[in-house]
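Work through the following exercises with the sequence and the coordinates open beside you, and try each task before reading its solution.

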Amino acid sequence: MEDTHAHEDPHLEPTDGQEETLTKVSGMYKDWFLDYASYVILERAVPAIEDGFKPVQRRIMHSLKELDDGRYNKVANVVGHTMQYHPHGDASIADAMVQIGQKDLLIDTQGNWGNILTGDSAAASRYIEARLSKFALAVVYSPKITDWQSSYDGRKKEPINLPVKFPLLLAQGGEGIAVGLSTKILPHNFNELIDASIKHLKGQRFTLVPDFPTAGVIDVSQYNDGLRGGKIRVRAKINQLDKNTLVISEIPFGTNTSSLIDSILKANEKGKLKVKKIEDNTAAQVEILVHLPAGISPDKTIDALYAFTACESSISPLGCIIEDNKPLFIGVSEMLRRSTDRTVHLLKSELEIQLEELEAQWHFSSLERIFIENRIYRDIEEQETWEGVIAAIDKGLKPHISHLKRAITEEDISRLTEIKIKRISKFDLDKAQQYIDSLEDKMAQVKHHLSHLVDFAIDYFKNLKEQFGKDKARNSEIKVFDDIEATKVVMRNTKLYVNRAEGFVGTSLKKDEYVTDCSDIDDIVVFTEDGSVLVTKVDNKTFVAKNIIHVAVFKKKDKRTTYNLIYKDGKTGPSYVKRFNITGVTRDKPYDLTNGSPGSKVLYFTANPNGEAETVSVLLRQVGSVKKLKWDLDFSDVLIKGRSSKGNIVSKYPIKRIELKEKGVSTLKPRNIWFDEVVNRLNLDGRGSLLGAFKGGDLLLVITQKGVAKTLVPDVSLHFDEDMIVLEKWQPNKPISAIYYDGEKQKYYGKRFLIEQPNKEEWFISEHPDSFLEIVSTDWRPVFEIEFPKPRGKDPKPSQELVMEEFIAPKGIKALGNQVSAEKLKSISALEPLPYEEEETVSAEDMEVVDPKQASEPTQESPASEGQKDTNSGGLQNDQPTLF
């Protein structure tokens with residue numbers, strides 16, 4: 001409560017008979033806040049479903065129509081005219097108009113209207129011009145069916161809603177923040193909206209997904225029809241120009257080239273990725289060149305750009321619209337249905353008005369014909385009063401009006417008296433009858449449209465698409481994205497150190513033992529002498545526990561790294577051996593690898609990135625009557641179990657020491673790899689087509705439609721060209737067969753060749769611009785069928801079978817090959833290849849994919865007894881175990 005009188009002038013005393021009053025602001029606040037919230041929601045932030053406009057946009061479009069004479073108008077003039085209807089400043093009107101103009105749908109612009117790609121703003125409103133587009137004139141206005149209201153000051157009339165006969169809100173999109181709610185409706189493709197409207201009118205199902213003017217690649221699998229809780233992932237389109245250059249040709253919606261480049265530079269400064277320099281060549285089309293330092297993988301950099309920069313973003317739609325002066329949350333499909341139904345209603349209203357106008361024209365034309373043909377105008381010559389004139393004409397018309405569709409009114413007779421003598425004297429009965437007949441044809445057509453209203457609406461939408469949709473193809477490419485793990489693509493931008501005795505790990509302990517290179521988003525796994533393990537985030541300095549025996553970068557869900565452990569249970573208990581993986585743990589929570597008895601201690605430990613299982617010699621202390629004091633233990637005889645397993649007993653007597661007898665051999669077999677055609681990536685999870693079983697040195701063969709062959713290490717981070725036509729496991733001794741057209745010689749050639757230089761991209765057809773690859777095969781003994789076109793007036797040449805191993809022997813990849821034909825070919829197709837028995841290979845249960853991060857990160861530690869350091873990782877080498 002506030003004493004409002006306390007703020008008044010103290011010199012103003014209340015007059016006699018007046019009393020001081022206290023005013024409570026709580027009631028005022030309640031009413032005023034609701035009024036303000038309602039005003040912002042209804043009059044500023046949220047578009048109406050009826051026409052898709054916010055009030056300021058509607059008033060701009062109304063002003064443009066009032067000023068429209070076919071010529072351009074200064075935007076400043078339009079803004080000033082709009083201020084007659086919009087009770088706000090000119091800046092907000094100008095900004096709203098620029099946003100409409102940049103969507104390139106309703107306003108035909110001239111001058112510098114800014115650039116949505118670069119983020120450049122428009123010139124001042126006095127320098128740019130605008131007029132209504134042909135599309136806007138065709139679908140937005142229809143004064144005869146528009147409902148009007150007084151403007152804010154009562155001087156003008158403005159439309160309550162414009163009669164828009166198109167789902168404009170979905171085409172343009174809309175975004176606004178009101179009091180207590182917001183809206184974010186994404187733009188959709190013009191032609192797809194029309195197709196969806198037609199499907200709705202036909203009673204068919206339809207699906208809508210966004211389409212952005214900045215193009216890019218989008219994943220709409222979680223769009224949720226534009227409702228709350230849905231999201232769209234948007235990515236820039238990034239391709240590899242050469243081994244050291246990436247080119248960004250399309251950007252995500254909601255960003256521009258400036259903000260995108262800034263995000264890349266920030267990620268580079270933080271060490272998330274490495275970039276040499278960036279060039280922005282954007283003009284009408286986006287072109288950002290990202291130059292990489294030598295030795296940096298372009299594929300991993302592409303993934304890093306998606307993971308750490310604005311090259312990928314997530315957009316959360318929220319469909320909120322105004323209907324009947326109330327906010328309503330609905331999906332885009334329902335928005336389209338309501339918009340389409342409203343379009344049908346508007347078309348019906350226009351047809352009904354058109355029919356009324358035609359009937360009125362027919363009625364008066366028929367009266368005029370009767371009036372002149374029967375010379376009824378002579379009956380009024382002797383009449384002296386107006387009433388007499390009306391009565392005389394009415395009397396003269398009565399014998400001839402039986403075919404009329406409505407009764408004659410005094411207004412009809414009055415109009416007849418206004419016909420000029422000149423028109424009567426030149427009146428042509430035949431032409432008049434032809435005009436009446438044409439009106440009857442038009443009325444019949446309108447009635448037909450009214451009785452077949454849905455068909456008429458479908459034709460209306462088809463006409464819109466034909467007239468305005470030719471240059472409105474989809475911009476955004478729809479794909480399903482793969483999930484990028486940031487820890488797998490981040491650059492190693494810092495170094496990890498450890499103080500084993502004191503139990504500290506971190507990036508700032510530069511005077512202590514170096515462990516490995518890592519990134520600031522990595523997790524590290526730490527093992528201690530008391531048999532505990534802990535996973536923690538990389539930090540400057542972290543205390544874990546004293547007597548650290550192993551530190552390494554932790555890889556979540558890593559089933560390859562196997563830990564071999566022998567520990568003593570308690571101070572006097574038996575010793576146990578175990579093998580285990582650590583695939584997932586709770587961060588900063590210590591886990592006990594022993595049986596949990598106080599005084600337990602690790603006697604032997606190795607970390608084996610490839611599942612190695614070594615053989616050790618166990619030596620016991622001389623105690624009592626123990627006879628066997630030494631024996632060998634092979635870790636391959638120990639099953640790999642969970643980290644919490646107790647393990648197998650080694651001995652109940654005290655162990656003097658454990659010695660390495662034989663190095664471990666990798667227990668990993670070749671592993672299967674798949675290619676997922678949906679996301680265009682390799683995987684180990686069984687998604688897509690099986691490419692085969694790969695061992696460490698095996699490579700992938702990739703052939704593209706442009707005539708390029710290359711072999712690649714099968715890395716799950718690889719990106720593949722869109723024109724890739726062959727992807728398979730490479731067999732070095734298996735020839736590749738191809739038929740191509742040489743643009744320079746203008747002839748077809750066939751060749752067989754082997755890949756001579758692995759890991760190198762090479763053309764196997766000529767690089768002439770008119771050259772093209774006709775067909776390629778990786779079968780051992782392929783057979784092609786060649787068909788020739790039919791000459792005019794002659795029979796076609798019979799088809800030929802071409803057995804490639806008989807046609808040509810394998811040659812170099814750059815060889816021209818043998819001529820297949822100098823004539824034009826109709827088609828070349830592959831037939832069933834000749835039989836060939838391949839050499840038997842060892843079957844594989846699993847598949848191995850090279851992980852560059854793991855390959856450069858040995859995790860075995862040097863023996864603590866010798867105090868040696870492993871400068872690669874600080875981990876324990878399995879051939880140099882830690883002995884305690």
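**Exercise 1. Determine the strand order and the pairing sense of the three-stranded open sheet in this predicted model, and state which strands form its edges.**

Solution. Begin with the order, which reads β1-β3-β2 in an open sheet with antiparallel pairing. Next, look for strands that pair on one side only: these are β1 (73–74) and β2 (107–110), which are therefore the edge strands. Then examine the contact between β2 and β3 (residues 129–132), where four bridges join the two strands in the antiparallel sense.

**Exercise 2. Classify the aromatic pair of F135 and F468, and explain what the pair ties together.**

Solution. A search of the whole structure gives 22 aromatic pairs, and the one formed by F135 and F468 has a centre-to-centre distance of 5.3 Å with 80° between the planes. Because an angle over 60 degrees counts as edge-to-face, the pair of F135 and F468 is assigned to that class. Now place the residues: F135 belongs to helix α5 (residues 134–139) and F468 to helix α15 (residues 453–468), so the pair ties together parts 333 residues apart in sequence. Both F135 and F468 are buried, and they also belong to one aromatic cluster together with F166 and F190.

**Exercise 3. Classify the aromatic pair of F212 and F253, and decide whether each residue is buried, partly exposed or exposed.**

Solution. The ring centres of F212 and F253 are 4.5 Å apart and their planes make an angle of 10°, which is the stacked arrangement. F212 is found in the loop between α7 (190–201) and β8 (217–219), whereas F253 is in the loop between β11 (245–250) and α8 (257–269), so the pair ties together parts that are 41 residues apart in sequence. For the accessibility step, F212 counts as buried because its relative accessibility is 0%, while F253, with a relative accessible area of 24%, is partly exposed.

**Exercise 4. Which charged residues lie over the rings of W362 and F364, and at what distances from the ring centres?**

Solution. Turning to F364, one finds R415 over the face of the ring, 3.7 Å from the ring centre.

Notes
Residues numbered from 1 in each chain as written. Predicted model: local features only at pLDDT ≥ 70, side-chain atom pairs only at ≥ 80, totals over all residues. Heavy atoms only, no water. Phe/Tyr/Trp six-rings, centres within 6.5 Å; stacked < 30°, edge-to-face > 60°. Buried < 20%, exposed > 50% of the residue type's maximum accessible area, 1.4 Å probe, protein only. Lys NZ or Arg CZ within 6 Å of the ring centre and 35° of its normal.
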